[in-house]
Amino acid sequence: MNFLPSEAQLALKASIAEFIDKECDLGKRKEIIASSEGFSASNWQHMSELGWLKVAFSSSDGGTGGTALDRMILMEEIGRGLIVEPILASTILSGSLITEVCSEATKAKLLPQILSGEQTFASGLYEPDGRFDLSWVATKAEPRRVGFNISGRKSVVLNGGDADQLLISARTGGGDNSPGGISLFLLDQSMEGVHVHKYKNADGHAAAEVILDSVFVDRRTNISELGEALPGIEAAVDIATLALCAEALGAMAVLNDKTLQHCKTRKQFGVPLGSFQSLQHRMADMLIEYEQAKSAVLYAVVMADENHGMAAKEISGAKYRVGVAARKIAQEAIQLHGASGVTDDLDISHYFRRLTTIESQFGNSDFHLNRYMQLSKEED
Amino acid sequence: MKINLTVEEKAFAAEVEAFLAENLPADLQQKVLHGEQLDKEDYVRWQKILYEQGWAAIDWPYEYGGTEWSAIQKHIWAEQNALAGAPEIIPFGLNMVGPVIYTYGTEEQKQRFLPGILSSDDWWCQGYSEPEAGSDLASLTTTAVADGDDYIVNGVKTWTTFAHHANWIFCLVRTGAADTRNSEAISFLLIPMDSKGITVTPIITMDGAHEMNEVHFDNVRVPMANRIGEEGQGWTYAKVLLNHERANLTHVSLSKTRMMELKKDAEAIRTGHGKLIDDPHFAAKVAKTEIELAALEFTEFRTLTATRNGTAPGPESSILKIVGTDVAQSIDELFVELAGLYAQPFIDAEQAEQYVADKVIPEDTINTARVYFNNRKASLFGGSSEIQKNIICKDVLGFKQNSQEGGE
C-alpha cells in the first residue's frame, strides 16, 4: 500500500504552491471571475507549461502520471489556491471520459488537445430531472440516414460556457433511466441548435445550461460504442469525484490554518479568542473532521490505484465523508471569524463558497451515502 | 403548533387573514416568496400600511401606539404574516430603539422620536459593534467627549445593517475616561445620520448583498439632549434592548412556512429510486428539523406568555435566539440539498429574470445558495451563539465567569 508521495510528486506540489504564492490572490481571482471567459488564459498557459495537466494521465495516454495519488496531490494544491481554471472540468473529467469511453483512435486524436491545454472541454452528463443520476438521460440522439438528430438539455455544465468542445451523453436506445442505450457525443458550440446559456456558480466558476434543439450531427460525433457508454461515464465521474474530494481537502486545510491563526491573534475580552477552551475544542473538532476526511480520501485513492481504478464504494464513502467535513469546517471557519467571515473582502467566505458548491457536485452527501449502501449490498 | 383557539381568537385570525389578503401588495409578496432582496422603499411601504392599520408596533404598550395583543394574538399575527409572504419588519426602530425610548427616554424624547418610528418615516440603524469590539462589545472605543451642551463623537461602528438607508443611528459610546474598560462608562446616544462628520462605507457580504456598512464618526457634534437616560448607564439600557432583539430573532413562523414549502418541493423531486421526500436520509433530516421547530415554537410561546406587554423577556431569550438560528440555518441547508445540482448556480437578478422567463433554469432554486449564504450571519448577529451561551451560563445557570469572559 503506497500513499506517500514520490520525489516527482513532491516536486509538482512545490511547483504548484510556488505558483499559487506568486500568482493567486483574492484580488486577482475576483478579476478573473469577472472576466467574460471566467478563467485566466495566461494562468492556463502557465499551468500547461508547468506540466500540471499531464499529471492526471498515464504515459500511455500521453501524460506523466495518471494515478489517483497523482491527481490527489495536484487537486489538493488547486483547492488551497482556490484556482478557477478548468482543471477539474476540462482536464480531469473530460479527459477521463475520453480515456474511459473512447477508442484508441479517438483518444489519440482528442487527448493531446486536452493535455496540451490547447483546447478546453466541458462535459454535460446531468439533466434537469435526473438529479445526480448519470443513467437518467432523456436527451435523445435519433439515428438519421447519415448521422443523428440530438435534442435535450444538460444541467450545470462546468466550464460549459466557453469550452471549445462539448462531450454530451445522449440516449440512442432504452428508456429515460435505463443503463443501456447511452452514448457519448462530441459537439461544439458552433453547431446549429446548440444553445449555451452561461452563468456563474456560487464559487465563481463558470457553468452553463446547454440546450440541444434538433442538432444534426454526422456519425463520427458519436465517440463511444453505440449505447454502451454508461460504465465508462461512471468510471470517469468516479475519477473526477475523487479529484474533487482532494480539492476540498486543500480548501479545508486552508480554512483550518486561517481559523487557528485568527483565534490566536484576535483579541477580545483582553485575551486571544483561542484562550477560551470552548473555542479550542471547536478547532480540535475541525482538525478531527479534516483528518478523517483526508483518510477517507487516501483510502479511496489507494484502493483505486491498487484495483485498476475500481473503487466506486470507497469513492462514494470519501465523497460523503468529505461533504460532512466540508460543511462543518466551512461553517465553523465563518463562525469563529465572526462577522468578517461572511464578507466578500475576506477569503474565508470564498473558500466557504467553493466548499458549499463542491457538496453539490457529482452527487451530494446523501446521494453518495445511498450509493455506498447500495454498493455494499451488492458486495454481500 | 395546533392550539384550540377561542371564538375571539378565531375571529382575530380571520381579521388578520382578511387584512393581509386585502393589503399586502402583490409585488412585495412575490419578492418575499422568491427570497429576493427587498429595497428600502419595499420595507417602508409595507410598514406604513401596518401603521395605517395601527398594527406597526405589536410589542409596544397601548399608550405609545402599540397593540397590547396577547401572546396568542402575536402568534397568530406572525403565522399569518409568514403564510402570506409579508415582508419582515425592520427591527431597529420598532423592536429595538423604540422600547428603549419609551422605557428610559424623557417625555420630550418620546414625543420627538416615537411617532417617526411608528410611521416608519424615520429609518434607524444600530451602532454597537466596532472593528475591535465584536463579541466583547463592552470594550468599545468610540468616544463622546462633552463640549458645552454637546458631545463630540469619534470612532468607527461596523456591521451596521442598512446604515445606508437610515436617517438615525442609536449608538453606544464611551463617555468615561478613555482607559476604562468597565461598562459603566458607556452611554446611549441618538445621532442623526446627516450630521457633519459621518461617513458610511458599504460592506459586501458573500451573497453579493449590500446590507452592512461601516459608519465613521469624525468629530461629530451631538446635542446632550439626544442621550437616553443617565450618562454611563447606556450598557444597562442596551442589555434590555438585546433581550428584545433576541426574542424577536426566532423566526418561528417563517421557518414553519419554509418547512411546508420544502416538503411540498421534495414531493415533486425525483431521485434514482423514487421521490426525494421518500429518501430515508433526507426524510429523517426533515422530520428532525420539524420536531425541533415545534418545540421551539412552544418555547417561544412560553416566553411570550410569561412576558408582560412592552417589557423585555429575561435571559432565557438567549435560548430562543440560539435555537431559532439553528433551525433556520438547518432549513437553509435542507433547501441546498433539495436543490441538488441547482444549488450551484448563483445568478445575478437581471440574468436570473431572463433565464427564468426563457425557462433556461428552474425558478424555485434560483436563490437557494444566496439565502443559505446570507443567513450565515444569523448565528453571529444580535450576539453570536457563543455569546448567548455565555449569557445562559452566567445569568440563568449562575456560573461565575472567568474574569476575562464578558456577558455580551
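Colleague: Thanks! What pLDDT does chain B average?

Modeller: Chain B averages a pLDDT of 91, and 96% of the residues score at least 70. pLDDT is the predictor's confidence in each residue, from 0 to 100. This is a predicted model, in which local features need pLDDT of at least 70 and side-chain atom pairs count only at pLDDT 80 or more, while totals for chains, interfaces and linings use all residues. Residues are numbered from 1 along each chain as its sequence is written, and chains are lettered from A and ligands numbered from 1 in the order in which they are written.

Colleague: Where in chain B does pLDDT stay under 50?

Modeller: Over residues 403–408 of chain B. The model has 17 contacts beyond four places in sequence for that stretch; two residues are in contact if their C-beta atoms, placed from the backbone, lie within 7 Å.

Colleague: And what are the ipTM and pTM scores?

Modeller: ipTM is 0.96 and pTM is 0.95.

Colleague: OK, on to chain A. How many helices and strands does chain A have?

Modeller: Chain A has 11 helices and nine strands. Helices (H or I, at least four residues) and strands (E, at least two) are DSSP runs, numbered from the N terminus.

Colleague: Why does the radius of gyration of chain A agree with a compact globule?

Modeller: Because a compact globule with 380 residues would have a radius of gyration near 21 Å, and chain A has 21 Å. The radius is taken over C-alpha atoms, and the globule rule is 2.2 Å times the number of residues to the power 0.38. The C-alpha trace of chain A spans about 80 × 50 × 40 Å along its principal axes.

Colleague: What share of chain A counts as buried?

Modeller: Of its 380 residues, 55%. A residue is buried if 20 or more other C-beta atoms lie within 10 Å of its own, exposed if 12 or fewer, and partly exposed in between, with C-beta atoms placed from the backbone. For chain B, 43% of the 408 residues count as buried.

Colleague: Which residues have the most contacts inside the largest nonpolar core?

Modeller: A:L242, A:M252 and A:V297, in a core of 154 residues. Helix 7 (residues 230–265) of chain A gives the most to this core, with 16 residues. A nonpolar core is a set of buried Ala, Val, Leu, Ile, Met, Phe, Trp, Tyr and Cys residues joined through C-beta atoms within 7 Å.

Colleague: What is A:M252 in contact with, leaving aside neighbours within four places?

Modeller: A:Y290, A:A293, A:A325, A:A326, A:I329 and A:L355.

Colleague: Switching topic: in which sense do strand 1 and strand 4 of chain A pair, parallel or antiparallel?

Modeller: Parallel, over four bridges; strands pair if DSSP finds at least two bridges between them. A:G124 stands opposite A:I168 in strand 4. Strand 1 is covered on both faces, with A:F121 and A:S123 buried on one side and A:A122 and A:G124 on the other.

Colleague: How many residues does each chain bring to the contact?

Modeller: Chain B brings 37 residues and chain A brings 36 residues. Elements giving two or more residues to the chain B side include strand 6 (198–204) and helix 9 (280–306) of chain B.

Colleague: Last one: where is B:D278, and is B:D278 buried or exposed?

Modeller: B:D278 is in the loop between strand 10 (274–275) and helix 9 of chain B. B:D278 counts as exposed because it has 12 C-beta neighbours inside 10 Å.
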